[in-house]
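Opening the notebook on this one. I'll jot down what I look up as I go.

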Amino acid sequence: MKHLIKSIAIGAALFTLGGIGCGGGGSGGEDTGPLGNVESLIILQRPKRNDTGDIFQYTSYVAGARIVQLSPPTAAGKLTTICCDKAGPEYAKIDIQSYDLSFDAKSIVFAGKLSDNQTYGLFLLQLADGSVTQIATDPQRDYVSPIFLPGDRVMFTSNAVVEAGAPQHRDEYERGTTIQLGRVNIDGTDLELGPRNLSHRTAPNLASDGRVVFTQWDHLGPENSGHLMFVNQDMQELREGYGKEGTGASNSTLKAREISPGRYVAIATARNRTLNAGALIDIRLGTVQNDNGVVSAPLNQSEANATYHQLTPDVPMDNSPSADTVGRYYDAFPLNAKDKPDLLVSWADGPVESGVLAAAGLSANFGVYLYDSAHQQRHPILDDPAMWDIFARPLQTRTAPNIVGSAQDPKLAGQTLIGSLNVYTSTLHTFNPGEIFGVRVMEGFSSEEGFPEMFGTTEFEGHANLGVARVQADGSWSAKIPANVPVHLQTVDIFGMSLFNEPVWFSGRPGEARLCGGCHESRTATTNVTPGILDTFATGAAQLLGNTPRAQRLQPAPTSSNAIVGVSWGVLPGGKGAALVQPIFDAHCIGCHNGVPGPANPSYTITDPTGAMAPVTWTFDLTGGPLPANMSVAAGGGAFSKSYFTMAGPNMESIQRNGLMISGDFKVYMNPEDARGSLVIKKLNPKQMFPAPSATRAFATAAHLVEQGQADLSAQEFYTLILAADMGVNFYSRENNPGLSIY
Amino acid sequence: MKNIGTKLAAVAFLALAAMPAATYAGRGGSAAAIEAAVASTSTDAIIAEVERAEYLLCADCIQTLTSLTEDSRFAVREVAAWWFARRPMLKDMLAGQFLDDLQTGDTTKVRNAADFLGRTRTLTALPQLRAAIHRSDLGTEARLALVRAAGFMAHTGGNEVLTTAMADPDAGVRAQAVVAWRDMLGQKTAQPVVALLGDRDANVRAQAAGVAGGMIEQSARGMLETLVIQDPDSVVRRNAAWALGQLGNGASRAVLQQAAGDQSGLVRGVAKAALAGLH
């Protein structure tokens with residue numbers, strides 16, 4: 001069947017001019033250009049589509065994909081389909097998501113979906129004879145983005161879940177099942193799944209030092225972006241790579257591929273609406289060095305030292321529609337490591353934005369180009385208007401890096417060990433000596449456990465308090481936690497309140513030991529500790545539910561502060577589930593704070609200046625009922641309670657963005673991840689919690705209940721409210737999970 | 001057509017005022033943009049604009065989104081339900097109306113109701129879903145949506161919906177029910193799925209094999225050993241091979257060795273890997 005291919009005569013001409021050769025080496029010192037020593041390209045062609053708006057979308061299926069070889073890599077080259085027309089009738093309707101070329105250039109691993117009622121699986125194509133075999137994977141889970149690893153292994157991402165019986169996480173928008181890292185032998189044996197992030201991990205690529213670089217979606221409350229991370233081939237030793245703490249060029253950094261040690265080309269884009277495409281950036285992670293024109297950045301790699309160059313300065317890095325002649329880039333493969341490298345790219349012209357394209361009934365048209373970043377010029381190579389021509393790369397051998405892995409400690413019995421050499425060592429926060437009592441470890445989960453879409457109005461994920469590991473005199477701490485689950489940390493003071501919060505999730509494999517230098521210590525400096533055994537090893541690691549099954553990591557009726565796991569705000573309709581917060585208000589507060597306007601119950605009014613909507617007034621109310629009849633219809637319930645709304649409050653950004661006005665006595669009383677700064681906590685003025693309860697108050701001000709002549713909160717009640725704030729001000733926890741109730 | 005009504009103005013005002021901070025995604029958007037997308041008839045445009053309005057405080061959007069919950073396209077209904085799921089009070093108002101449809105509505109109304117209630121994980125609708133699957137007057141679309149709802153809720157209270165659907169005259173409904181069974185939270189056994197290994201439809205058999213393997217259902221071994229060498233469909237044979245590898249019983253060695261020589265590349269590689277998993 002003929003393929004309509006846009007005329008690329010210009011490209012053909014350019015191959016014979018300007019030093020871009022037609023293949024084979026030049027003679028007599030002739031510059032044959034960046035493709036001069038390339039005999040052919042491998043390219044993936046996928047039928048064009050519009051349903052891959054967000055960067056983690058992986059289930060898109062349109063039958064008719066193929067892997068092609070262009071030889072020589074010019075318009076005059078011969079385009080040959082190498083998969084999967086000869087593989088058999090089972091492959092007639094295949095879609096291919098991505099592929100990788102083996103180190104010896106003799107085989108290709110690709111992610112393919114054979115029909116609409118199947119999932120994406122992994123396949124191995126032998127280039128010699130075109131035969132295809134499937135690598136054994138779960139036929140009801142998707143396996144995508146495969147890459148070859150040394151030692152006849154393949155790494156991939158998958159929505160299969162490492163924990164038997166547990167549901168896979170749903171992403172923070174609750175619209176997609178997350179994908180995580182895994183690996184398998186190419187003969188299908190020994191499939192392993194890695195520890196989970198709470199959201200997606202995607203687009204792995206192998207670096208020359210043997211580590212794998214990939215994009216991780218970091219979502220924890222306000223943090224909501226895609227950053228580069230590194231991991232060993234055995235999915236241990238996760239390390240940040242690029243983009244955290246606001247250092248990224250854009251919201252998301254995607255499809256990073258190594259140019260030279262410490263240097264990567266990647267797509268800089270927004271999370272959604274850009275069809276996985278964006279601007280090209282040249283990231284240098286360490287100190288830049290130039291060795292005879294080869295630019296690299298292998299030394300002192302850290303986010304603090306990282307820089308980036310925009311290779312395509314006109315291309316938007318947000319999700320606004322791109323302009324004609326500007327377009328967006330889907331992927332890039334470096335052909336050299338010049339300061340301004342030459343790249344094989346996939347690029348589409350026009351407004352590469354899913355909403356605009358869809359409304360116009362159009363699709364992006366990605367074609368393959370040679371990009372001269374020094375002159376910001378694209379030279380066309382292949383563009384089939386019916387297809388996305390993507391992931392072009394030379395059909396060449398490459399050196400396999402060493403197999404890189406880490407030790408696993410069988411004595412951990414399936415747990416993960418975490419800790420720090422000296423928690424006071426930090427680049428993000430200055431701690432006062434001695435102010436840290438311990439490190440709180442919290443497990444994260446999302447709505448896949450049966451929750452409604454939102455845990456609360458603060459948009460935090462579900463939290464479970466695994467416990468507090470005490471910091472020893474030398475600043476060290478350690479804890480044994482459940483393996484494979486996402487956790488984040490807070491340093492806490494003697495009142496149990498967070499001093500500093502880690503804004504991202506991390507996880508470890510069974511038997512993995514992850515000791516940090518400090519609390520986000522410098523990535524290039526050495527953490528110095530007093531010679532000798534660390535105090536935390538002498539005392540032993542804190543046991544933080546490391547061997548407790550997921551179904552038991554909850555406590556509906558804690559009998560002590562240390563037993564609190566999840567902080568459920570209120571009971572479910574019909575009285576089901578446990579409530580930890582509302583009983584405190586019921587016992588101590590609602591006698592005065594009952595929604596009746598007055599000095600004890602300030603009111604505020606939200607007004608629309610346009611008059612489109614009538615003003616609405618809210619009055620401070622700590623009772624546990626649903627919002628009143630004039631504000632909601634309680635058919636079955638499901639809305640958050642009056643006390644929750646009073647504490648969490650409306651969101652000022654929403655108010656401002658919608659041009660609303662608030663008048664009256666407006667306050668937000670509970671701040672997520674910030675018990676210490678929360679008005680309600682300050683008002684109640686908690687007493688010392690650690691290492692043992694005492695009468696010492698956190699603040700110099702009077703304690704509200706004592707001031708009112710009331711009985712003060714107990715230590716457990718104080719800690720419940722502190723945890724409610726520090727764990728995100730959620731209404732739901734496992735203790736009041738509607739999915740656990742029997743209807 | 002569903003209509004939340006003008007009284008919603010005050011409700012929406014305050015309810016939506018409690019929406020969380022948007023950082024990068026879900027920003028922008030407007031009622032006009034959503035309406036323009038609807039007018040374009042493009043599914044992808046509608047999805048894109050509704051997603052963009054994730055955090056939008058927009059009373060004008062509500063009726064448009066309400067109408068989308070009754071669109072003929074599942075993808076549109078799904079994203080509209082998602083939008084409401086982010087607004088619990090509005091979701092509850094609509095859920096009440098959709099619950100009535102499950103009991104008395106026609107095929108289309110039941111379809112729309114099931115998709116909304118399932119996608120918003122309205123667990124209180126499980127009794128009505130269980131009742132609806134037994135209705136004899138519903139078309140395939142509605143029955144499929146009921147299964148879809150039970151699957152998305154993933155609550156074992158919906159098991160009856162799935163077991164009933166496993167006997168449905170439509171193969172697509174049976175297959176969907178089989179697939180959903182595996183991912184119900186706390187599901188203990190795949191026993192109800194074993195009989196579907198003998199289904200007349202190849203896709204149903206293939207999915208049943210996947211579930212049996214994924215849930216390590218040893219009682220399925222005999223049928224799987226027959227399928228792996230005798231089923232005319234290569235996808236069924238492949239899934240059966242994988243499942244036998246998961247079961248890990250050494251008694252399956254002979255059939256897997258035979259399957260390792262299968263004419264289909266789908267089967268050969270999977271069968272060889274499965275052999276390595278046998279005890």
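Started with the contact between domain 1 and domain 2 of chain A: 26 residues of domain 1 touch 27 residues of domain 2. This is a predicted model, so I'm reading contacts off computed coordinates. On the domain 1 side of chain A, the residues facing domain 2 split into nine nonpolar, nine polar and eight charged. I also looked up the separation, and the C-alpha centres of these two domains of chain A are 33 Å apart.

Checked the bounds next. The assignment for chain A puts domain 1 at 9–25 + 32–394, domain 2 at 410–553 and domain 3 at 573–740.

Then I went to a sheet in chain A. It is open, has four strands in the order 3-2-1-26, and pairs antiparallel. Which strands sit at the edges? Strand 3 (78–83) and strand 26 (387–394) of chain A do, each pairing on one side only. Ignoring direction, neighbouring strands of the sheet are turned by 30° against each other on average.

Zoomed in on one pair there: strand 1 (residues 41–47) of chain A is joined to strand 26 of chain A by six bridges, running antiparallel. I noted one pairing, with Leu41(A) opposite Pro394(A) of strand 26.

Next entry, strand 6 (residues 121–126) of chain A. Is it enclosed or open? Largely enclosed by the rest of the structure, because five of its six residues are buried. On one pairing, strand 5 (residues 107–113) of chain A meets strand 6 of chain A antiparallel over six bridges, and Gly112(A) stands opposite Gly121(A). In another, strand 6 of chain A pairs with strand 7 (residues 132–135) of chain A, also antiparallel, over four bridges. There Phe123(A) has Gln134(A) as its bridge partner.

I looked at the hairpin of strands 6 and 7 of chain A as well: five residues lie between the strands, and Gly130(A) takes a positive phi near 75°.

Last, the nonpolar core. The largest one has 282 residues, and those with the most contacts inside it include Val154(A), Leu129(B), Leu146(B) and Ala241(B). Helix 9 (residues 140–153) of chain B gives the most to this core, nine residues.

Leaving out residues up to four places away in sequence, Val154(A) touches, among others, Val109(A), Leu122(A) and Ile135(A). Arg183(A) is also among the residues that Val154(A) touches, a charged entry in that list.

Conventions
Residues are numbered from 1 along each chain as its sequence is written. Chains are lettered from A and ligands numbered from 1 in the order in which they are written. This is a predicted model: local features need pLDDT of at least 70, side-chain atom pairs count only at pLDDT 80 or more; totals for chains, interfaces and linings use all residues. A nonpolar core is a set of buried Ala, Val, Leu, Ile, Met, Phe, Trp, Tyr and Cys residues joined through C-beta atoms within 7 Å. A residue is buried if 20 or more other C-beta atoms lie within 10 Å of its own, exposed if 12 or fewer, and partly exposed in between; C-beta atoms are placed from the backbone. Helices (H or I, at least four residues) and strands (E, at least two) are DSSP runs, numbered from the N terminus. Two residues are in contact if their C-beta atoms, placed from the backbone, lie within 7 Å. Two strands pair if DSSP finds at least two bridges between them. Axes are lines fitted to C-alpha atoms, for helices over the stretch in contact, and angles run from 0 to 180 degrees between N-to-C directions. Domain bounds come from an automatic or database domain assignment.
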